[in-house]
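Please look over the sequence and the 3D structure before reading on.

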Protein chains: 2
Amino acid sequence: MGKRNGESLPTIYDVARECGVAPSTVSRALSQPGRVSAKTSERIHEVAARLGYQANPLAKYLPTGRTGTIVLIVSDITNPVYFPVIRGAESAAAAAEYTLVLSDVGESPEREREVMEKLVRTVDGFALATSRLTDAAIRAVARRRPMVTMNRVTQQVPSVVPDNGQGMRYAGEHLAELGHRRVTYVSGPPTSWANTVRWRALRAAGEQLGMTIRRIGPYAPTVAGGWAAAADLVSPLPTAVIAYNDLLAIGAMQGLHDLGVKVPDDVSVIGCDNILGSDWCTPALTTLAAPLRELGTRGVQHLIAMINGADARPRRPLVLPSQLIVRESTAPPRDEDGDRPGSGRE
Amino acid sequence: MGKRNGESLPTIYDVARECGVAPSTVSRALSQPGRVSAKTSERIHEVAARLGYQANPLAKYLPTGRTGTIVLIVSDITNPVYFPVIRGAESAAAAAEYTLVLSDVGESPEREREVMEKLVRTVDGFALATSRLTDAAIRAVARRRPMVTMNRVTQQVPSVVPDNGQGMRYAGEHLAELGHRRVTYVSGPPTSWANTVRWRALRAAGEQLGMTIRRIGPYAPTVAGGWAAAADLVSPLPTAVIAYNDLLAIGAMQGLHDLGVKVPDDVSVIGCDNILGSDWCTPALTTLAAPLRELGTRGVQHLIAMINGADARPRRPLVLPSQLIVRESTAPPRDEDGDRPGSGRE
DNA sequence: TTGAAAGCGCTAACAC
DNA sequence: GTGTTAGCGCTTTCAA
């Protein structure tokens with residue numbers, strides 16, 4: 001029969017025989033402390049240790065269907081924005097004694113779908129970091145397994161997101177205070193929920209603050225994408241730029257530099273996320289720091305609560321505050337723009 | 001009994017009943033095309049689709065013990081050096097129709113051990129990217145499951161590594177050609193195999209080229225670590241620095257900058273790995289580019305070959321060539337050093 | 001407290 | 001070709 005390919009490993013039956021007890025007793029001794037006499041239990045543990053017995057997780061999980069594993073699906077692992085999210089998720093999972101595995105889908109909705117399909121029966125729950133799937137596809141999986149989304153809101157699926165609205169308002173106010181009036185938003189992927197939300201929030205803030213907000217794009221949310229955007233940025237050159245994310249902003253700064261445009265002298269640049277590296281580019285990037293680690297911890301905590309039976313149809317997205325980190329890429333616009341610095345709110 | 005927590009999903013028995021055939025026939029129809037009459041097969045597929053049947057992977061894998069999943073364990077996912085490794089591993093896994101999951105152990109040997117222990121029976125094989133475990137611990141797991149290590153050599157375990165020796169020689173020659181004579185190596189983690197190998201190779205190259213090579217450290221292989229190293233670097237300040245990795249090099253450049261030391265005017269800096277971001281720091285970093293993507297692909301290819309029965313006690317490490325990428329952080333030393341530029345080999 | 005036995009869902013030997 | 005049946009290793013009633 002289907003013997004294991006190598007030499008086969010000890011099972012509870014081996015332990016049971018060796019101890020002269022029933023397999024079920026071994027099972028109990030090993031997983032339900034107290035339901036077996038101290039004596040037998042001790043002997044069983046002893047023999048199990050001697051034989052090097054270890055439960056076969058596949059067999060263990062078959063009857064219950066629970067594996068103690070959750071997966072964090074990340075839309076693109078090469079984006080440093082996920083580092084803190086991952087770390088947060090890991091710590092929450094570890095605290096609850098769950099194993100967290102990661103899956104990278106490289107910005108591909110197809111791969112994302114495949115991975116979910118493959119894993120849907122072998123993990124206890126899904127955490128989606130910035131899914132690129134349609135709402136319908138997300139909901140379909142969410143019906144089969146506990147799921148939480150991060151940085152993305154889908155009706156009927158619990159989610160945790162940064163406060164993009166508030167954040168974009170901060171960014172707008174910062175620019176207004178410096179005296180900027182003409183701002184361009186550099187779009188990320190059209191399938192990105194955050195992109196849409198950020199653009200809308202910025203437009204709204206701009207209106208309130210009396211600024212003219214243009215939009216260009218979409219561009220790939222990468223350094224290369226930002227570099228490409230730079231070319232589109234110069235005609236006409238605004239006094240300030242806000243990019244969908246830091247990678248895009250850094251790429252744009254590089255492209256601008258190559259075109260002879262100086263940041264922040266000729267144009268100010270703001271990114272989003274405060275990724276690793278946003279402080280070591282030149283000039284250091286002013287950016288809207290999302291509460292990334294908290295996204296990970298809170299998301300996974302909620303997921304695990306759902307797995308443990310919390311009601312799955314929760315109220316509304318958990319919104320976490322963002323923070324503007326002012327570094328060197330923003331400054332007052334050139335005089336020709338005619339605004340006195342600090343006119344925004346002071 | 002152990003019913004699934006939600007409503008229970010359709011099984012082959014449901015499909016079989018609906019079709020009026022035996023469960024085994026359903027199994028065959030679904031997994032061994034051709035061993036069932038076209039007619040029945042078609043009907044079975046039809047019903048299966050209608051019922052939304054999907055095999056329970058846990059049950060499927062129990063008899064064979066094979067899950068079609070491999071895990072890539074990464075010592076620290078927040079180090080961009082792994083991006084290409086991961087991508088390479090993913091593509092190789094996908095090509096062989098294996099599911100690749102990632103596991104980050106955050107530089108913790110304990111976590112690494114736990115993860116392996118937890119997954120050893122549920123994955124078909126392990127790929128270790130820069131393990132921080134002892135050789136003995138690695139071998140112990142390698143005896144239980146197919147395994148390959150990347151960027152690390154352990155006796156009896158197949159591995160794929162960059163050619164650190166050749167690479168360090170390139171780096172040394174580059175500095176020699178520029179006229180450098182006093183070089184300091186900034187060490188990474190003492191448990192890192194690559195750190196040891198790089199240091200030895202550099203020392204050997206330095207001897208051949210008539211350079212004085214010092215070593216400081218160890219430091220954490222992070223930007224913060226490099227920043228700390230800068231303070232130790234200035235007394236006495238060498239004319240050139242080679243760091244264990246790019247993160248350290250970038251941190252050192254920042255620290256040096258804060259101390260008023262100019263790169264490359266006062267001191268040249270070389271990193272290792274060519275990570276994302278090494279070209280957007282200031283000055284852009286000269287670095288030894290490891291064949292990272294290939295590390296991932298070749299490693300996983302080999303792993304899968306082992307899973308499929310290739311002999312597990314392979315000859316020697318697969319060594320892949322490195323490449324020196326010269327950017328802006330290296331230049332001839334100040335005149336006081338008294339060497340004519342280009343004296344190295346021309 | 002412990003044992004016997006059924007069952008989780010699927011695969012594969014062995015008949016027919 | 002297709003059905004019967006015996007496991008894979010563990011958990012969990014149900015009795016004793």
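Counting the atoms of DNA strand D within 4 Å of the protein, 58% are sugar or phosphate atoms, and the rest belong to bases. The model is predicted, with local features requiring pLDDT of at least 70 and side-chain atom pairs pLDDT 80 or more, while totals for chains, interfaces and linings use all residues; side-chain values use heavy atoms, leaving out hydrogens and water. Residues are numbered from 1 along each chain as its sequence is written, and chains are lettered from A and ligands numbered from 1 in the order in which they are written.

## DNA strand D

A residue is called near a strand if one of its heavy atoms lies within 4 Å of it. DNA strand D has 29 residues around it, and those that come nearest are A:S27, A:Y53, B:S24, B:T25 and B:S37. By class, this surface holds 12 nonpolar, 11 polar and 6 charged residues. Here Ala, Val, Leu, Ile, Met, Phe, Trp, Tyr, Cys and Pro count as nonpolar, Asp, Glu, Lys and Arg as charged, and the others, Gly among them, as polar.

Helices (H or I, at least four residues) and strands (E, at least two) are DSSP runs, numbered from the N terminus. At least two residues of the surface near DNA strand D come from each of helix 1 (12–19), helix 2 (23–31) and helix 4 (57–64) of chain A, and from each of helix 2 (23–31) and helix 4 of chain B. Helix 2 of chain A gives the largest share, 4 residues.

## DNA strand C

DNA strand C is surrounded by 28 residues, the closest being A:T25, A:S37, A:T40, B:S27 and B:Y53. Of its atoms within 4 Å of the protein, 64% belong to sugar or phosphate and the rest to bases. The surface near DNA strand C consists of 12 nonpolar, 11 polar and 5 charged residues.

Helix 2 and helix 4 of chain A each supply at least two residues of this surface, as do helix 1 (12–19), helix 2 and helix 4 of chain B. The largest share, 4 residues, comes from helix 2 of chain B.

## Individual protein and DNA atom pairs

| Protein atom | DNA atom | Distance |
|---|---|---|
| B:A22, backbone N or O | phosphate oxygen, DNA strand D | 2.9 Å |
| B:R28, polar side-chain atom | base nitrogen, DNA strand D | 2.7 Å |
| B:T40, polar side-chain atom | phosphate oxygen, DNA strand D | 2.9 Å |
| A:S37, backbone N or O | phosphate oxygen, DNA strand C | 2.7 Å |
| A:T40, polar side-chain atom | phosphate oxygen, DNA strand C | 2.7 Å |
| B:Y53, polar side-chain atom | phosphate oxygen, DNA strand C | 2.4 Å |

## The annotated domain of chain A

An unreviewed UniProt entry carries the annotation "domain: HTH lacI-type" for residues 10–64 of chain A. UniProt positions are given in the numbering used here, feature names are shortened, and annotations may be inferred rather than shown by experiment. Over residues 10–64, chain A is 71% helix and 0% strand, and the end C-alpha atoms are 22 Å apart.

## Where the two protein chains meet

In chain B, 46 residues are in contact (heavy atoms within 4.5 Å) with 47 residues of chain A. The two chains bury about 4500 Å² between them, 56% of it on carbon and sulfur atoms. Buried area is the accessible area (1.4 Å probe) that two parts lose on being put together, summed over both. Of the area that chain B buries against chain A, 19% is supplied by B:L58, B:R121 and B:W280, more than by any other three residues.

Across this interface there are 4 salt bridges, where a salt bridge is a side-chain nitrogen of Lys or Arg within 4 Å of a carboxyl oxygen of Asp or Glu. A:D76 forms a salt bridge with B:R87, with the closest N and O atoms 2.7 Å apart. On the side of chain B that touches chain A, helix 4 of chain B supplies the largest share, 7 residues. By class, that side has 20 nonpolar, 15 polar and 11 charged residues.

## Backbone features

Most residues other than glycine have a negative phi, and most peptide bonds are trans. A:S235 and A:P236 are joined by a cis peptide bond with omega about -5 degrees. A:P236 is in the loop between helix 10 (223–233) and strand 8 (240–243) of chain A. Another cis peptide bond joins B:G217 and B:P218, with omega about 5 degrees.

Definitions and conventions. A polar contact is a pair of N or O atoms within 3.5 Å; within protein, one must be able to donate a hydrogen and the other to accept it, and residues adjacent in sequence count only if both atoms are side-chain atoms.
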